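The sequence and structure are shown first.

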Amino acid sequence: MEGRSVKLLNYTQEVVRRSRLIVPANSPKFLDKAYARNADAIVLDLEDSVPQAEKVPTRQTIRASIPLVGKGASDVMVRVNHTSELLRGDVEAAIWPGVYGIVFPKVESAAEIHEIEKLIAELEQQRNIPVGTIKISVLIESGTGYLNMNEIAKASERVDSLTIGNEDFLSDLGIVANEHTYHALLVPRIQLVITARANQKIPMGLIGSLANYNDANAFEQSAILAYQHGYLGASCINPRNVDTLNQCFSPSSAELLRAERLIVAFDAALAEGKGATTFEGKMIDYVHYEKAKKIITRQELINKVERKKQQAREAQQR
């Protein structure tokens, strides 16, 4: 299809997206400081955080805001409004050199991805952006979108991540969103991980509510659980949560040490012609070996991203 990139990317292995800080695109106060927050990505929001009357005027600020929030080397994204009145104009305002991609909310079908992909490809050509550069981060926020999630993930190589928008999703299902009903999201969350991983997309989200940002301990526990369930990152609306996400979605020092020791042990077994050995009192084989190597590779990629962001922030202080 026109506009698709040639190379099939495995985003879970090639992109670090532990933290995605959502910033109201109509708030100069938040925009000015966003670059210093150390988020892996900054989302200029045209959707939920912008009042209806300000959505269209705020579009005019997006092009100038991209380099402003991106000067700390965070990837810059724009969350658009998925309505017939606003979608096209929002996308046209979002696609400029320097932007990584758009966050596309309330996606319900592969056809919607195909349609927006055509528009993005046209804008790339018009604005001298290499075709296939701009990515699409998908938000699943309805039962219909959930049932079509696999087709949505397969719809374009531009799709880099999948996220369930908890509050909208529960609302669409008629489920009251509180601490007693969040167990209803367990199956959809696991299904999202399976779908994302099977299609080499980044699974993003928390095991809990994004709105619970003021309870630092609850937010951290939610992120830890998400990491343990296979997620690679999450969004946040408070800058104080960025470091928590970066830490929780990175391998811990204990994980890294164990991975290094396991690799040494298995390499020794391979040298002896064995395809399995005992490690910490348990049997390990190639599955454990490859998993350990992925943990080390993941940390190396994170280190590279962190160095890039630090150097960019230091450059702003000179």
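Helix α6 lies across β4 (101-104), β5 (135-140) and β6 (159-164), and runs at about 155° to β4. Contact here means heavy atoms within 4.5 Å; helices (H or I, at least four residues) and strands (E, at least two) are DSSP runs numbered from the N terminus. Axes are lines fitted to C-alpha atoms, for helices over the stretch in contact, and angles run from 0 to 180 degrees between N-to-C directions.

The model is predicted, with local features requiring pLDDT of at least 70 and side-chain atom pairs counting only at pLDDT 80 or more, while totals for chains, interfaces and linings use all residues. Residues are numbered from 1 along each chain as its sequence is written, and side-chain values use heavy atoms, leaving out hydrogens and water.

Helix α6 (residues 110-126) also packs against helix α5 (residues 87-94), at an angle of about 35° and with the axes 10 Å apart. On the α5 side, Leu87, Arg88, Val91 and Glu92 meet Ile116, Leu119, Ile120, Glu122 and Leu123 of α6. This contact comprises six nonpolar, no polar and three charged residues; Ala, Val, Leu, Ile, Met, Phe, Trp, Tyr, Cys and Pro count as nonpolar, Asp, Glu, Lys and Arg as charged, and the others, Gly among them, as polar.

## The sheet

Eight strands form an open sheet with parallel pairing, in the order β7-β6-β5-β4-β3-β2-β1-β8. Strands pair if DSSP finds at least two bridges between them. At the edges are β7 (202-204) and β8 (234-236), each pairing on one side only. Neighbouring strands are turned by 25° against each other on average, direction ignored.

Strands β1 (residues 19-24) and β2 (residues 41-45) run parallel and are joined by five bridges.

## Cavity and pocket

On a 1 Å grid over the protein atoms alone, a cavity is a set of points where a 1.4 Å probe fits but cannot get out, and a pocket is an open set with protein on both sides within 12 Å along at least five of seven lines; lining residues have an atom within 4 Å of a point. The structure holds one cavity of 30 Å³ or more. The largest cavity is lined by Ile164, Asn166, Arg189, Met204, Gly205, Leu206 and Tyr231.

The largest pocket is lined by 23 residues, with Arg197, Tyr227, Lys291, Lys294 and Ile295 nearest its centre. Helix α14 gives the most to this lining, with nine residues.

Terms used:
Points joined across faces, edges and corners; volume = space filled by probe spheres on them.
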